[in-house]
Amino acid sequence: MTSRRHERPLAIAAATAGAIALTLGAGTAAPADAPAFPQGSTSFQSNCAMCHGTAGAGVPGLAPPITSYPARYAASAEGRRQLALTLLYGLFGDIVIDDKHYDLRMPDFARLDDATLAATLNFVVFDLGHAPASVKPLEAAEIGAERGKSVDGAAVREHRKGLVP
Ligand code: HEC
């Protein structure tokens with residue numbers, strides 16, 4: 001019966017573990033659902049969530065929400081290029097998302113391979129952004145096609161101007 005004494009600390013430990021599991025979890029609005037792009041989910045949680053939040057809702061002063069625009073970009077050829085360019089070269093300067101200005105800097109992720117970047121974007125577009133089934137998942141070749149260009153985050157912002165939904 002001495003074990004009663006341990007119930008509270010154990011409950012606290014369990015609650016803490018639960019909180020950590022939630023923080024590290026799939027990050028979708030409904031964490032119980034398995035992500036459609038599990039590899040992309042893993043990459044997103046380790047490379048992107050610290051700025052954009054585990055569910056892509058954004059963090060004030062750090063990064064904007066990416067739950068609606070990327071899914072819309074993925075429906076057009078230039079929008080898909082924009083997604084690849086943003087990850088390969090970063091993005092900086094004033095941008096507007098849902099009538100709000102963000103003037104921050106996103107680093108590039110060119111160190112990640114094409115398949116990982118495509119999967120990460122697919123997690124953003126489909127799992128977080130709920131793009132419709134008519135939108136095709138991004139392929140590694142679409143990322144590869146944009147590599148090795150003389151582009152920087154300012155140029156990526158210029159390209160974005162023609163797209164904003
Ligand atoms: C260090 C913080 C940081 C990290 C890490 C980061 N981002 Fe960003 N991201 C930003 C910022 C800041 C912006 C907006 C830049 C600006 O204001 O011009 C942005 C913008 C974006 C955009 C453009 C949204 C639009 O409407 O055009 C996408 C897409 C994006 N991030 C996806 C990702 C993905 C995917 C990852 C992980 C591979 C990632 N980000 C990692 C900070 C970050």
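His130 sits in the loop between H6 and helix H7 (140-144). Helices (H or I, at least four residues) and strands (E, at least two) are DSSP runs, numbered from the N terminus. The phi of His130 is near 50 degrees, a positive value in a residue other than glycine. Most residues other than glycine have a negative phi. His130 counts as partly exposed, because it has 13 C-beta neighbours inside 10 Å. The cut-offs are these: buried means 20 or more other C-beta atoms within 10 Å of a residue's own, exposed means 12 or fewer, and partly exposed lies in between, with C-beta atoms placed from the backbone.

This is a predicted model, in which local features need pLDDT of at least 70, side-chain atom pairs count only at pLDDT 80 or more, and totals for chains, interfaces and linings use all residues. Residues are numbered from 1 along each chain as its sequence is written.

**The chain**

The protein chain has eight helices and two strands. Along the sequence, their pattern is α-α-α-α-α-β-β-α-α-α. Of the 165 residues in the protein chain, 33% are buried. Two residues are in contact if their C-beta atoms, placed from the backbone, lie within 7 Å. Among contacts with a separation of 6 or more, 65% join residues 24 or more positions apart.

**Single residues**

Asp98 is found in the loop between S1 and S2. Asp98 has a positive phi of about 50 degrees, although it is not a glycine. Asp98 is exposed, because it has 10 C-beta neighbours inside 10 Å.

Thr54 lies in the loop between H3 and H4. Is Thr54 buried or exposed? Thr54 is buried, with 20 other C-beta atoms within 10 Å. Glu78 is in helix H5. Glu78 is exposed, with 12 other C-beta atoms within 10 Å. Glu78 touches Gly162 and Leu163, not counting residues up to four places away in sequence.

Two pairs show how sequence and space can part ways.

| Pair | Apart in sequence | C-alpha to C-alpha |
|---|---|---|
| Glu78 and Gly162 | 84 residues | 8.8 Å |
| Thr54 and Leu128 | 74 residues | 9.6 Å |

**Helix packing**

Two packed helices are described by the angle between their axes and the distance between the axes. Axes are lines fitted to C-alpha atoms, for helices over the stretch in contact, and angles run from 0 to 180 degrees between N-to-C directions.

The axes of helix H2 (residues 38-47) and H6 come within 7 Å and cross at roughly 95 degrees. H2 and H6 are therefore roughly perpendicular to each other. Angles of 65 to 115 degrees count as roughly perpendicular, under 35 as roughly parallel, over 145 as roughly antiparallel, and the rest as oblique.

H5 and H8 pack at about 165 degrees, with axes 9 Å apart. That makes H5 roughly antiparallel to H8. In this contact, Gln82, Leu85, Thr86 and Tyr89 of H5 meet Gly153, Val156, His159 and Arg160 of H8. By class, the contact has three nonpolar, four polar and one charged residues. Ala, Val, Leu, Ile, Met, Phe, Trp, Tyr, Cys and Pro count as nonpolar, Asp, Glu, Lys and Arg as charged, and the others, Gly among them, as polar.

**The ligand**

Which residues are closest to the ligand? Of the 29 residues that surround the ligand, the closest are Cys48, Cys51, Ala63, Leu104 and Met106. A residue is near a molecule if its C-beta atom, placed from the backbone, lies within 6 Å of it. The shell divides into 20 nonpolar, five polar and four charged residues.
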